[in-house]
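Hello,

Here is the structure I promised to pass on. Have a look at it first, and my notes on what turned up follow below.

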Amino acid sequence: MLNDTMIIMKKLFFYSLFLMMFITACDSPEPNELYFVGDSHVARWDLKQWFAACVTHNEGVSGSGIDYIESRVGEYNGCDVVVVTGTNDLWSMSVAEEDKYVERYITALKGLNAGHIYLFSIFPRGSRYVEGEFTSNERIARLNNKIQAEVALLSGITYIDVFALLLRNGTLHDAYTYDGLHLSIEGYELITNQLKKQL
């Protein structure tokens, strides 16, 4: 009888240890696993450094746009997904096509079939990468507003607006970029902190 009790106690002890390991696998309250999908802003994000306690998957592709998000349809069933995309699509649409693009953007997000999506606003650009209306920060702000308005009508998507935080005097802040387009360490620190606030 005593031996049976000891065996049960040992099993309960190891079961408790297992549960504690599972619960603390990631810094609370962050999810245990995050998929990052999008353009070069994702591809260059050192996820192991910024999310060391979590299991992360970097599926960023430099130069990609909404077509890449569309190609991932159904691949994230029930998963938590971080999305950064849009800046590379600016060249391919006229002002008249913006509403159609926003509709396509929202459809692509839904198509991921994610458990939850953390969607970043399109980042501003430095003056060196602004060439006329197509890539102006005014246009990016307008697109962000349209996308945010559509996202607000949906459940399961958290919109993370970092546009104004990255901006200074109408352009991407020098402190947050090393070339006027891609983020510096300080830029990644900013967007990482904004994401962690929402997890």
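The buried residues of helix 5 are covered by several elements, including helix 4, strand 3 (80-84), strand 4, helix 6 and strand 5 (157-160). Please keep in mind as you read that this is a predicted model.

Which residues of helix 5 are buried? They are Glu-98, Tyr-101, Val-102, Tyr-105, Ile-106, Ala-108, Leu-109 and Gly-111. The spacing in that list may remind you of a general rule. An α-helix has 3.6 residues a turn, so residues three or four places apart point the same way.

As for its geometry, helix 5 has 14 residues and reaches 20 Å from its first C-alpha to its last. That is close to the 20 Å expected at 1.5 Å a residue. After helix 5 comes Asn-113, with a positive phi near 60 degrees.

Helix 5 also matters for the next topic, the largest pocket. Its volume is about 170 Å³. Two elements each give two or more residues to the lining of this pocket: helix 4 (66-71) and helix 5 (98-111). Of the elements involved, helix 5 gives the most, with three residues.

Another spot to look at is Thr-135, in the loop between strand 4 (116-120) and helix 6 (137-151). Is Thr-135 buried or exposed? Its relative accessible area is 0%, and because buried means under 20%, Thr-135 counts as buried. Leaving aside residues up to four places away in sequence, Thr-135 touches Leu-90, Trp-91, Arg-125, Tyr-129, Val-130 and Ile-140.

Finally, the protein as a whole. Its secondary structure comes to eight helices and seven strands, and 44% of its 199 residues count as buried. Taking contacts between residues at least 6 apart in sequence, 68% join residues at least 24 apart. The accessible surface comes to about 10800 Å², and carbon and sulfur atoms account for 56% of that.

Best wishes

Technical notes: Residues are numbered from 1 along each chain as its sequence is written. This is a predicted model: local features need pLDDT of at least 70, side-chain atom pairs count only at pLDDT 80 or more; totals for chains, interfaces and linings use all residues. Side-chain values use heavy atoms; hydrogens and water are left out. Helices (H or I, at least four residues) and strands (E, at least two) are DSSP runs, numbered from the N terminus. Buried means under 20% relative accessible area, exposed over 50%, partly exposed in between (1.4 Å probe, protein chains only). Contact means heavy atoms within 4.5 Å. Accessible areas come from the Shrake-Rupley method with a 1.4 Å probe; for residues, only the protein chains shown count as cover. On a 1 Å grid over the protein atoms alone, a cavity is a set of points where a 1.4 Å probe fits but cannot get out, and a pocket is an open set with protein on both sides within 12 Å along at least five of seven lines; lining residues have an atom within 4 Å of a point. Grid points are joined across faces, edges and corners, and a volume is the space filled by probe spheres set on the points. The expected span of a helix is 1.5 Å times one less than its number of residues.
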